[in-house]
Amino acid sequence: MSEREAHLVELVDESGRAQGETSVAAAHQPPGRLHRAFSVMLVDPDGQVLLQRRAAVKTRFPLRWANSCCGHPGPGETLAEAANRRLREELGAGPVELTEVGVYVYYAEDPATGRVEFEYDHVLRGEFRPGAPLQPDPAEVAELRWAEPTALEADLRADPLTYAPWLAGVVDRLLHPADPAATTPVATVAPADDAPERSGGR
């Protein structure tokens with residue numbers, strides 16, 4: 001088992017209440033255990049969203065297009081800390097201002113690897129500054145591209161197998177929040193240079 005697969009994630013019930021912890025590997029073995037996750041979508045000032053194509057070595061849904069970055073907060077770790085950590089690890093980006101635009105629970109089985117995703121997913125919008133550097137880690141990211149979100153929403157319906165199964169829900173929360181007034185700012189956190197690397201990515 002890889003070091004990343006041994007990291008801990010927070011188990012939750014369908015209301016998001018903490019129910020203990022387990023390893024990344026155990027949470028994603030069939031039939032899966034519901035755990036807390038986040039999906040960050042970076043949005044530029046023109047409204048375009050940054051997509052990444054997941055690296056071939058990913059244990060879940062490799063080589064599928066997904067949102068800007070994903071991950072799991074460790075037990076006791078805030079969403080802001082975890083999301084900015086993963087932005088740095090996957091994309092060489094951040095810290096960025098984050099806003100939670102929705103939450104949803106989804107379940108998906110990966111026919112290629114036999115793993116499952118069963119996640120209580122916090123969807124976070126990140127404001128991307130034009131000219132900010134991006135240095136994707138090739139062990140995490142195969143490609144990057146910018147997309148217009150309504151066109152992306154249509155393509156997700158037309159060609160769903162090109163994309164990670166959680167992306168449709170992420171785009172839906174981004175474009176159609178249930179109550180725009182209820183979106184929640186998430187504190188921007190600059191991870192300390194000497195903070196331990198704890199990659200709990202999907």
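Start by selecting His72 and His35: their side chains are joined by a polar contact of 3.3 Å. Keep in mind as you look around that this is a predicted model.

Stay on His72 for a moment. You'll find this residue in the loop between strand 6 (69-71) and helix 3 (79-91). Is His72 buried or exposed? His72 has a relative accessible area of 1%, so it counts as buried.

Next, bring up the neighbors of strand 3. Strand 8 (residues 116-127) runs parallel to strand 3, and nine bridges join the two. To see one of the pairings, click on Leu42, whose bridge partner in strand 8 is Gly126. Strand 6 pairs with strand 3 too, this time in the antiparallel sense, over three bridges. Pick Phe38 there and look across to Gly71 in strand 6, which stands opposite.

Last stop: the helices. Show helix 4 (residues 149-158) and helix 5 (residues 167-175), which pack at an angle of about 145° with axes 10 Å apart. Their crossing is left-handed. For the contact itself, select Pro149, Thr150, Leu152, Glu153 and Leu156 in helix 4, then Leu167, Ala168, Val171 and Leu175 in helix 5. Sorted by class, that contact has seven nonpolar residues, one polar and one charged.

Note on methods
Residues are numbered from 1 along each chain as its sequence is written. This is a predicted model: local features need pLDDT of at least 70, side-chain atom pairs count only at pLDDT 80 or more; totals for chains, interfaces and linings use all residues. Side-chain values use heavy atoms; hydrogens and water are left out. Axes are lines fitted to C-alpha atoms, for helices over the stretch in contact, and angles run from 0 to 180 degrees between N-to-C directions. Helices (H or I, at least four residues) and strands (E, at least two) are DSSP runs, numbered from the N terminus. A crossing is left-handed if the near helix is turned anticlockwise from the far one by less than a right angle, and right-handed if clockwise. Contact means heavy atoms within 4.5 Å. Ala, Val, Leu, Ile, Met, Phe, Trp, Tyr, Cys and Pro count as nonpolar, Asp, Glu, Lys and Arg as charged, and the others, Gly among them, as polar. Buried means under 20% relative accessible area, exposed over 50%, partly exposed in between (1.4 Å probe, protein chains only). A polar contact is a pair of N or O atoms within 3.5 Å; within protein, one must be able to donate a hydrogen and the other to accept it, and residues adjacent in sequence count only if both atoms are side-chain atoms. Two strands pair if DSSP finds at least two bridges between them.
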